[in-house]
Amino acid sequence: MKLKDGFIKSKLGDECVVVPVGAQTVDFRGLITLNETGEFLWEILTEEKTEDELVKALLAEYDVDEETAKKDVHAFLDTLSEKGFLEENE
Amino acid sequence: MKTICVADLKINIKSGDTEFFNRRLKDYAIPFVEKPDMVMETYLYDEIPEPQGELVQTIKATKILQCENGFFCRYIKSSKTGVIPFAIYFTKDYSNVKICLKKGYTFQNLSTTDWEYLYTGFMFANRLTVLGGTVLHSSSISYKDNGIVFSADPGTGKSTHVSLWKKKFGDDLLIVNDDKPAIRFVNGKPYIYGTPWSGKTDLNLNIKKPLKAIVFIERGETNSIESMTITDSVLNLSRQLPNPFYDKEIGIKTVDFIKEIYERKIPVYRLKCTISEEAVEVVYNEIIK
């Protein structure tokens, strides 16, 4: 999976927000905010990755146990998928 | 073809409905220039010729083609009747725009003139966005050189609120533009500009005033004003600034502009208000006094 084209991440002070541009505004007119790990995962998802690869990347970057990393990555992907941000391969 | 100057942009413009646009544009007219910042022409057709070019994208019913001479074309063709109600040709930087409208085209209770008004406004907004400015859907005022823009979704009461300012302050209060003022940074300072695209009313002035604050209006039971969080500011601004579905580059520039608003510390407020003079006083006391 990877992020669809047309979502722009922008950092304003401590806040990191993502807004849709172009054709993505047809279905989504809101925004999402990213915390530090969300921002980290977002950058990685600009290229094709599996859920396992994201978990491994999180474990390598942050002092977090595997169970928490798996749970956080899964929840993050759920949110992105629900909002239609992901290109998901079958 | 005549030349107008809007928000310091020189535009050579040819209108379809000359009567309407002569009225709206007259205060912006300047002597003809050979090298404008934008050329915008509107043509009315009995039948719009089918645009030719390479299909770039289809978004819902809209097709976007890459045509000859650096032009793109955005158009719709009815699958039932084959009628093309509009086709808009534009260069990537919107420096050259040709709007083709079917004569007598009406849709969603809007006349051909309304569509010409809307499309010319959108194309101007896109051009200004490319050049680093923007157009904010808002009613805007200036009181003793304090410019304030009041933004909200249609029907919330922007114009009604501004009319209360006019009633209270009379000649000291200038309505810069009642629907689509331009905003530009000049030497790092923000300014609002009147534009001819002032919505249903002719309330617009060809003036430039320092921008003091951006206020998003919500209807409330009482009157209160508060600073918006960064997240709410971005959400509200991104909904009221240019972000057309057919051009993500404009959306990206708009995100840059929002960032500039934040970095240059332009205050963004949420006003909950009733239709009352007290609502005006609440804003005045917070922003101007």
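Let's start with Lys60(B), which counts as exposed because its relative accessibility is 66%. This residue sits in the loop between β5 and β6 (62-66) of chain B. Its backbone also deserves a look: Lys60(B) is not a glycine, yet it has a positive phi of about 50°. Before going further, please keep in mind that this is a predicted model.

**Another positive phi in chain B**

Asp145(B) is a further non-glycine residue with a positive phi, in this case about 65°. You will find Asp145(B) in the loop between β11 (138-143) and β12 (146-151) of chain B. With a relative accessibility of 42%, Asp145(B) counts as partly exposed.

**Salt bridges**

How many salt bridges does the structure hold over all chains? The total is 20. Three of these pairs are set out here, with the distance between nitrogen and oxygen.

| Acidic residue | Basic residue | N to O distance |
| Glu43(A) | Lys9(A) | 3.0 Å |
| Glu50(B) | Lys77(B) | 2.8 Å |
| Glu277(B) | Lys168(B) | 3.1 Å |

Let's take the chain A pair and begin with its salt bridge between the side chains of Glu43(A) and Lys9(A). The two partners come from distant parts of the chain, 34 residues apart, with Glu43(A) in helix α1 and Lys9(A) in strand β2 of chain A. Glu43(A) is partly exposed, at a relative accessible area of 43%. Lys9(A) is partly exposed too, with a value of 27%.

In chain B, the side chains of Glu50(B) and Lys77(B) meet in a salt bridge. Here the link runs between two loops: Glu50(B) lies in the one between β4 (38-45) and β5 (54-59), and Lys77(B) in the one between β7 (71-76) and β8 (86-91), with 27 residues separating the pair in the chain. Glu50(B) counts as partly exposed at 36% relative accessibility, and Lys77(B) is partly exposed with a relative accessible area of 39%.

The remaining pair in the table joins Glu277(B) to Lys168(B).

**Helix α1 of chain A and its cover**

Glu39(A) brings us to helix α1 (residues 36-44) of chain A, where it is buried along with Gly38(A), Phe40(A), Leu41(A), Trp42(A) and Ile44(A). What covers these buried residues? The cover includes the strands β1 (2-3), β2 (7-12), β3 (15-20) and β4 (32-34) of chain A. It also includes α2 and α3 (66-82) of chain A.

**A negative patch on chain A**

Which residues form the negative surface patch? They are Glu48(A), Asp52(A), Glu53(A) and Glu87(A). Asp52(A), one of these residues, is found in helix α2 (residues 51-61) of chain A. Asp52(A) has 54% relative accessibility, and since exposed means over 50%, it counts as exposed.

Pro267(B) is located in the loop between α5 (248-263) and β18 (268-273) of chain B. This proline is partly exposed, at 32% relative accessibility. Leaving aside residues up to four places away in sequence, Pro267(B) touches Lys212(B), Ala213(B) and Ile214(B). The C-alpha atom of Pro267(B) is separated by 9.6 Å from that of Ser233(B), a residue 34 places apart from it along the chain.

Our last stop is Arg23(B), in helix α1 (residues 18-25) of chain B. Arg23(B) is partly exposed, with 41% relative accessible area. Between the C-alpha atoms of Arg23(B) and Ser151(B) there are 25 Å, while the two residues are 128 residues apart along the chain.

Note on methods: Residues numbered from 1 in each chain as written. Chains lettered and ligands numbered in written order. Predicted model: local features only at pLDDT ≥ 70, side-chain atom pairs only at ≥ 80, totals over all residues. Heavy atoms only, no water. Patch = residues over 30% accessible without salt bridge, like charges linked within 9 Å, V, L, I, M, F, W, Y side chains within 5 Å. Areas by Shrake-Rupley, 256 points an atom, 1.4 Å probe, with all protein chains shown as cover. Salt bridge = Lys/Arg side-chain N within 4 Å of Asp/Glu carboxyl O. Lys, Arg positive; Asp, Glu negative; His and termini not counted. Charge placed at Lys NZ, Arg CZ, Asp CG, Glu CD. Helix = DSSP H or I, 4+ residues; strand = E, 2+ residues; numbered from the N terminus. Buried < 20%, exposed > 50% of the residue type's maximum accessible area, 1.4 Å probe, protein only. Contact = heavy atoms within 4.5 Å.
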